[in-house]
Amino acid sequence: MMRIWPASIVLCFSLALPCYAVLPLVINTWPFQDATATAWKTLSSGGSVLDAVEKGCAQCEIDQCDGSVGYGGSPDETGETTLDAMIMNGDTMEVGAVGDLRRIKNAIGVARAVMEHTKHTFLVGESASVFAENMGFTAEDLTTDKSFSIFTKWLQGNCQPNYRQNVSPDPSKSCGPYKPHALPQQRWRHQLIDIHAHDTIGMVVIDQAGRVAAGTSTNGARHKVPGRVGDSPIAGAGAYADSTAGGAAATGDGDVMMRFLPSYLAVELMRGGVDPSVACKTAITRIKRHFPGFFGAVICANTTGSYGAACNKVPGFSQFPYMVFNPKSNVPIQETVDCI
């Protein structure tokens with residue numbers, strides 16, 4: 001039987017409605033319940049918040065959550081699956097991250113190895129994969145029958161959709177190779193991008209003492225240009241943790257969201273006493289002001305255990321589901337927020 005933690009309960013008010021902030025807390029993007037349960041089990045078994053984040057995100061890598069985390073998903077323009085991940089210690093402000101990781105399934109584990117076994121923060125590409133192999137991670141093919149099928153159908157459909165612009169031949173009608181076009185043809189075609197190809201797992205864990213850690217893992221945008229790294233492994237964009245304030249994590253259109261550092265903004269707002277739900281909404285609203293049609297969501301939690309989420313409303317996406325586990329529920333609970 002899972003041990004029930006002694007609850008630290010703080011009465012709070014959000015949007016004039018009372019809520020109870022409880023510690024410890026696990027919160028993550030999307031209805032990835034097994035990841036939530038794994039993180040909670042790790043924490044309640046004596047693991048640290050870093051252990052909980054790593055194990056929780058790694059569970060999604062194993063489960064290939066929604067095809068957007070782990071191996072066998074989101075092939076790039078050449079058909080290869082590559083991974084991005086990061087982990088952050090809110091006590092020490094240390095970060096480990098990897099981008100464009102090839103051949104290694106446990107991206108969040110490699111990110112932690114970067115944090116603990118180097119003085120660096122971020123390793124990318126083939127060199128990150130070699131580092132992982134040297135650290136004892138197993139090299140294996142990340143392609144599956146499913147990801148190969150996705151790639152094949154994309155090629156047969158004239159490489160639609162894709163992320164090219166201002167090139168020739170016309171990227172809306174044909175595959176490359178592409179060359180720069182002298183005059184701008186059009187803005188990026190957001191409406192052609194499948195929002196379900198961006199389901200990063202972002203997780204925040206806070207223990208009984210208020211220690212915070214956060215992390216992310218994803219296989220990135222489907223049909224991305226080879227070498228592309230999104231927001232997920234970037235501290236302050238994909239996730240951010242500070243044990244004096246709280247933690248936040250983002251999911252969605254990383255190429256847009258990384259420009260606004262929504263996770264960092266949300267944590268800084270919570271540092272000033274802003275309610276987590278309001279902090280999340282503010283982070284989303286700032287992006288929406290410049291890119292009203294962007295797809296994205298943010299989860300936020302402060303060091304008392306109060307939490308919230310927000311998302312941008314676009315066609316086909318009017319609500320955002322996320323997972324919460326704390327002593328109040330003692331089971332993983334899916335919550336939903338209406339997008340703004």
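Guide: Welcome! An axis here is a line fitted to C-alpha atoms, for helices over the stretch in contact, and angles run from 0 to 180 degrees between N-to-C directions. Helices (H or I, at least four residues) and strands (E, at least two) are DSSP runs, numbered from the N terminus. This is a predicted model, in which local features need pLDDT of at least 70 and side-chain atom pairs count only at pLDDT 80 or more, while totals for chains, interfaces and linings use all residues. Residues are numbered from 1 along each chain as its sequence is written, and side-chain values use heavy atoms, with hydrogens and water left out.

Visitor: What does the secondary structure of the chain come to?

Guide: The chain has eight helices and 16 strands. A contact means heavy atoms within 4.5 Å. Among contacts between residues at least 6 apart in sequence, 63% join residues at least 24 apart.

Visitor: At what angle do helix α1 and helix α2 pack?

Guide: Two packed helices are described by the angle between their axes and the distance between the axes. Here α1 (residues 33–44) and α2 (residues 49–63) pack at about 150°, with axes 8 Å apart. The two helices are therefore roughly antiparallel to each other: angles over 145 degrees count that way, under 35 as roughly parallel, 65 to 115 as roughly perpendicular and the rest as oblique.

Visitor: Which residues of α1 and α2 meet?

Guide: From α1 come D34, A35, T38, A39, T42 and L43, and they meet V49, D51, A52, K55, G56, Q59, C60 and D63 in α2. By class, this contact has six nonpolar, four polar and four charged residues. Ala, Val, Leu, Ile, Met, Phe, Trp, Tyr, Cys and Pro count as nonpolar, Asp, Glu, Lys and Arg as charged, and the others, Gly among them, as polar.

Visitor: Now for sheets. In what order do the eight strands of the open sheet lie?

Guide: Two strands pair if DSSP finds at least two bridges between them. The order is β6-β5-β4-β10-β9-β3-β15-β16, with mixed pairing. The edge strands, β6 and β16 (333–338), each pair on one side only. From one strand to the next, the twist averages 15°. Helix α2 packs on this sheet, touching β4, β9 and β10, and its direction makes about 155° with that of β9. Helix α4 also packs on the sheet, touching β5 and β6, at about 110° to the direction of β6.

Visitor: Is strand β3 enclosed or open, and why?

Guide: In a regular strand the side chains alternate between the two faces of the sheet. In β3 (residues 25–29), five of the five residues are buried, so the strand is largely enclosed by the rest of the structure. L25, I27 and T29 are on one side and V26 and N28 on the other, and both faces are covered. Strand β3 pairs with β9 in the antiparallel sense over four bridges, and with β15 (residues 319–325) likewise over four antiparallel bridges. The bridge partners of V26 are V205 in β9 and F325 in β15.

Visitor: Is V204 buried or exposed?

Guide: V204 lies in strand β9 (residues 201–206) and is buried, with a relative accessible area of 1%. Leaving out residues up to four places away in sequence, V204 touches residues including L25, V26, I27, A214 and A301. The C-alpha atoms of V204 and A214 are separated by 4.4 Å, although the two residues are 10 apart along the chain.

Visitor: Where is H223 found?

Guide: H223 is in the loop between β10 (212–218) and β11 (239–242). With 6% relative accessibility, H223 counts as buried. Among the residues H223 touches are P75, D76, W154 and Y163.

Visitor: How many strands form the sheet that contains β11?

Guide: Four strands, in the order β11-β12-β13-β14, form an open sheet with antiparallel pairing. Strands β12 (residues 246–252) and β13 (residues 296–302) are joined by seven bridges, and A248 stands opposite C300 in β13. Helix α7 (residues 262–271) lies across β11, β12 and β13, running at about 150° to β12.

Notes
Buried means under 20% relative accessible area, exposed over 50%, partly exposed in between (1.4 Å probe, protein chains only).
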